[in-house]
Amino acid sequence: MTTDHAPSISGTAPSATRARDHSLRRRKRTSNALVLAFLIAASVIMAAPFLWMAISSIRDPTELAQVPMPLIPKDLRLENYSEALGRAPFATYARNSLILATAAAALNVVFASACGYALAKLRFRLAPAVFGWMVACIMIPFYATVIPVFLMVRHMPLFGGNTLMGVGGTGWIDTWWALIVPGAVSPFMVFLFRQFYVSTPSELIEAARLDGVSEFGIYTRIITPLIRPGLLTVALLSFEAGWNNFLWPLLVTTSDSLRVIQVGIASFRQEASTDWHLLMAGTTLAAVPMIVLFLIFQRYFVQGFAASGIK
Amino acid sequence: MSLTRRTLLAASGAGAVALGGAACGSGGAMDPSVPLDIDVADADLSGAIGLLTPDFVGDDRAVLDDDIIAPFTKRTGVDVSVDQVDWNKLNEKISTGIAGGIIADVIMTGVGWTQPFAEKGIFAEIPADFIEGLGYDESVLVSTRYDGRYYSLPQALDLRFIGFHPELLEKKGIDSAPESLDELAQAAAELTGDGVVGLDFLSGSAGSARQAFVFLLYAFGGTMFSDDGLAPRLHEEPGRLALQWMLDCMDTGAIDYSIQAAEGQPSPFQQKKAAMSLVSTGNWPTWQTMTPELCEKGAVGTFLLPSGVDADPVMFQGGTFISISSLSKNKDAAAGFMKHMLEPDILGKASAATGKVPPTPDIPETEGIRSNLLMAFGLENLPYAGATEGGSAAYMEVRSNLDGIVETCLTGRATVDQTLADMKKLCDGAISRI
Amino acid sequence: MTTTAPTAATGRTAPAASPTAPEPRRHRSVRTAEKRWGLLLAAPATLHTLIWIGAPIVVAIVLSFTAYDIIHAPEFSGLENYATIFTDGLFWLSVLHNVIIAAVGIPISMFLALVFATMLNRALPGRGVFRVMIFLPHITATVAVAMIWLWIYSPSQSGLMNVVLGVVGIKPLPFLTNPDLALGSVILVTIWQGIGLKMLIYLAALQGVDEQLYEAADLDGANFVQKFFRITVPMLKPATFFILVTSLISNFQTFDLIYILTEGGPANSTSVVTYRIYQTAFQEFRVGLANAQSVILLLILVVLAFLSRRIVGGTDDD
């Protein structure tokens with residue numbers, strides 16, 4: 001595992017090269033075939049849980065009790081979906097998740113890009129401090145601060161019947177404020193935006209300044225359009241984080257009308273208890289939107305994820 | 001642009017003070033000392049209430065919606081929205097509700113839950129003359145009181161005892177019910193073999209490891225807490241005997257820790273993979289749908305858990321209790337709904353669905369109740385239903401940790417001595433914080 | 001694939017903002033405007049993080065020195081919470097479980113990710129499809145993932161895992177209810193879910209590896225395994241460290257999976273730090289203690305981050 005053992009590169013006699021090329025190509029072909037077979041097997045195993053989810057979601061529940069259970073369901077039972085939708089308001093859950101995820105995406109694109117731009121392109125006294133702070137924030141897991149954040153939301157002054165001192169009522173608990181505001185700016189997105197902006201040419205800014213374009217105009221009209229793919233990446237990553245968020249919505253929402261899809265699935269599990277065909281239908285509903293979004297915008301997701309490393 | 005920025009900045013907390021006007025008032029002062037007004041006329045009820053319940057899961061939910069809530073809504077015009085949580089998640093659901101200040105108006109909990117939440121001021125007091133006028137048995141009412149006042153009403157009892165397959169016992173020549181825990185252990189050992197485990201005590205089809213321990217604790221003459229609930233008792237000699245009894249049975253193979261009741265599948269006892277088993281009255285509806293042959297007369301025998309100390313046998317009493325949140329902003333409707341839940345025909349419908357026993361002195365005569373043989377046995381032996389959980393305001397904290405402690409002992413990861421010391425430490429700590 | 005994205009993985013971070021140009025006098029007003037706008041644009045995000053990340057840390061530290069049950073006002077209790085944690089076997093058991101999950105799960109998923117990445121780094125038919133299939137577990141919400149595995153691990157005869165075992169002739173295993181199996185079952189899910197992201201980072205890094213090295217090795221008659229260990233592994237050292245660090249950090253944030261799959265049981269055999277904190281705060285109402293536990297979690301992560309910075313050293317200019 002050390003770098004010391006780099007392969008030695010030696011020259012070969014020209015006469016031998018052609019024959020070698022030939023055998024190399026053949027070897028390459030067989031090794032490609034082997035690799036392909038391995039990848040097919042591996043990716044089928046990786047995808048098997050999803051297939052199982054999909055199969056279970058259209059299975060007739062009576063098949064589950066059969067011995068042995070047929071692996072492939074005999075017929076396609078889409079009624080499972082309508083039944084699941086009838087048992088729990090998945091449409092409301094999905095709408096709530098959509099609002100939450102869209103808000104997270106929009107707010108991050110606006111505020112994180114502004115900050116990222118300032119850090120990358122504008123010289124101001126606090127810039128190094130702000131940048132250091134953001135990097136430090138990336139390291140701080142939400143789970144370590146969730147209780148104080150919960151208490152702050154609960155004691156938000158003058159909301160939900162609270163006094164100026166933040167007592168007496170419920171603050172932002174069970175409101176959209178609580179769902180959206182604490183996650184409106186992610187320090188990681190600021191960092192990501194800074195990296196995107198750094199790679200844009202500073203000469204454009206200078207030129208625009210000479211042309212008398214305002215600083216704000218340079219940010220919004222000249223430079224930001226250059227990182228359009230970056231905007232999409234951040235929007236998608238924020239959307240994904242919002243859609244898949246669980247603990248925070250679990251803690252701050254109580255009413256069914258504010259419940260998001262992941263919390264909805266977890267609570268549906270308790271209602272439907274052992275009706276796995278319905279549970280898998282519900283789980284499919286929660287998982288598929290993200291999968292589809294990923295398939296469409298794969299490129300942008302990949303860019304962001306490769307830089308993040310953190311789910 | 002700068003306007004929206006300022007608005008959002010404000011929303012981000014810095015300027016929340018300035019946004020006071022946008023606040024939507026939903027905070028209620030909690031004052032548990034004001035007793036409920038239980039006698040508001042139906043016509044004066046309005047609005048909507050929330051119900052938090054761990055019961056009526058799966059197919060039973062339709063019974064709750066259509067047969068229990070719908071008539072109430074029709075009569076009073078009050079909408080009831082249901083929030084269902086598993087028994088395992090009920091405590092944290094209530095707790096996060098308390099932490100956030102928003103909680104369902106009507107809350108259904110279990111035996112032992114009333115005192116902790118009454119102590120925290122979460123449950124509203126229920127007028128004593130109303131409850132005492134209902135004529136419930138004192139053994140049931142104990143679990144509804146804290147500090148001499150009432151904070152909950154029993155809606156259903158879940159009685160637990162031992163069930164057995166008569167033909168399996170006959171085959172081994174066992175023709176009478178065990179008179180002591182030693183005899184039970186011996187019988188279980190004799191019944192073990194040929195793919196059959198003697199006694200299914202821990203598979204979860206009738207309660208958790210924690211409840212199995214508490215049941216035995218009482219059979220050995222112990223209790224969980226002192227009478228005033230301020231000192232633990234479960235770590236004393238009966239607790240040691242209870243743990244040791246289970247460990248000994250596991251040594252002979254009579255109890256198998258690794259058999260588990262799979263969700264939605266017949267339990268080991270239903271599949272006749274266990275000769276004897278802890279059963280609860282709530283198992284009946286499951287038996288009816290999955291293994292109806294067990295519901296025929298004589299198909300399954302029952303006896304109470306014999307004593308380990310030459311005393312009377314015992315029955316475990318779990319149950320579902322209704323309380324009203326002191327945070328409720330519609331206490332009248334909540335009280336109206338609580339009364340509705342206790343009407344004989346509603347209790348009968350609930351009982352038919354859940355298999356649990358109505359707590360009232362005059363049991364409604366419905367087909368579901370008449371045909372439930374487990375319930376009949378439980379009711380016959382109600383005076384023996386002395387094994388209950390709780391009895392201390394510190395119980396909720398103990399409850400959430402006791403399962404792990406008992407399981408740790410049963411899986412050989414802690415000795416009996418360590419386990420008892422852990423129990424004592426857990427209880428002492430929890431009691432010191434009330 | 002990563003044209004504009006500067007990935008820390010490859011260590012190819014773009015140069016930091018360099019001073020634009022020397023400043024002639026006529027541009028003094030421009031310079032002032034730049035300063036003003038810099039502050040103005042950075043302010044909302046900075047304030048937001050100060051309020052929603054900075055302040056909570058302060059609150060957590062303050063509350064960690066109190067006894068607080070949410071219902072009654074917090075009371076100063078000195079170091080009592082930390083003393084409690086010190087002797088709290090369950091808390092350290094939870095830390096240990098995080099360590100075990102990391103020690104077993106991360107190397108395995110990293111190795112598999114590297115294998116997949118190396119294979120996908122060549123021109124193969126259906127490359128994109130494989131990549132998507134391997135990456136899907138990461139994009140899916142952990143709640144949904146946990147639900148799926150709960151069903152796969154079901155001890156009933158219709159649980160997929162036991163169906164598969166049945167084919168091999170092994171009788172059904174109680175994956176999540178046996179304390180000897182539960183943690184392993186959880187680790188398997190973390191491996192499955194973790195491969196995708198690690199593979200992506202490796203793939204990005206592999207594109208920075210000079211093809212000529214492989215061609216030269218081919219000429220030397222090196223086989224696949226030799227090339228893998230002699231070229232690929234050493235060249236990917238920075239990416240490997242990056243993945244290791246980020247995986248360690250996200251490992252200490254495992255919560256959803258445990259919440260759905262095992263609730264920390266049986267016999268506390270799958271309790272992890274975040275779940276323990278959640279239980280302390282929202283089941284036991286010991287909010288002061290839960291905050292002290294959070295502070296410990298924070299310290300663990302700071303140490304991890306510090307160590308990683310020391311190890312990764314100069315590969316990251318930030």
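This is a predicted model: local features need pLDDT of at least 70, side-chain atom pairs count only at pLDDT 80 or more; totals for chains, interfaces and linings use all residues.
Two residues are in contact if their C-beta atoms, placed from the backbone, lie within 7 Å. Residues are numbered from 1 along each chain as its sequence is written, while chains are lettered from A and ligands numbered from 1 in the order in which they are written.

I begin with the interface between chains A and C. Here 105 residues of chain A are in contact with 100 residues of chain C. On the chain A side, helix 1 (residues 14-57) gives the most, with 16 residues; helices (H or I, at least four residues) and strands (E, at least two) are DSSP runs, numbered from the N terminus. What is the division of this side into nonpolar, polar and charged residues? There are 76 nonpolar, 21 polar and eight charged residues. In this count Ala, Val, Leu, Ile, Met, Phe, Trp, Tyr, Cys and Pro are nonpolar, Asp, Glu, Lys and Arg are charged, and the others, Gly among them, are polar.

Let us now consider chain A by itself. Chain A holds 14 helices and zero strands. Its radius of gyration is 26 Å, well over the 19 Å that the globule rule gives for 311 residues, so chain A is more spread out than a compact globule. This radius is taken over C-alpha atoms, and the rule is 2.2 Å times the number of residues to the power 0.38. The C-alpha atoms of chain A fill a box of roughly 90 × 75 × 40 Å along the principal axes. Of its 311 residues, 51% count as buried, that is, with 20 or more other C-beta atoms within 10 Å of their own, the C-beta atoms being placed from the backbone; exposed residues have 12 or fewer, and partly exposed ones fall in between.

Chain A is divided into domain 1 (13-57) and domain 2 (79-308), with bounds that come from an automatic or database domain assignment. The C-alpha centres of these two domains of chain A lie 39 Å apart. Their contact takes four residues from domain 1 of chain A and seven from domain 2 of chain A.

Chain C is also assigned two domains, domain 1 (31-76) and domain 2 (89-315). Their centres, taken over C-alpha atoms, are separated by 32 Å. Ten residues of domain 1 of chain C are in contact with eight residues of domain 2 of chain C. On the domain 1 side, the largest share, three residues, comes from helix 1 of chain C.

For chain C, the unreviewed UniProt entry lists "transmembrane region" at several places, including residues 91-117 and 129-152. UniProt positions follow the numbering used here, feature names are shortened, and annotations may be inferred rather than shown by experiment. In the model, residues 91-117 of chain C are 100% helix, with end C-alpha atoms 37 Å apart. Residues 129-152 of chain C are 92% helix, and their end C-alpha atoms are 24 Å apart.

Finally, I turn to chain B. Chain B comprises 17 helices and ten strands. A compact globule of 434 residues would have a radius of gyration near 22 Å, and chain B agrees with this at 24 Å. Of the 434 residues of chain B, 56% count as buried.
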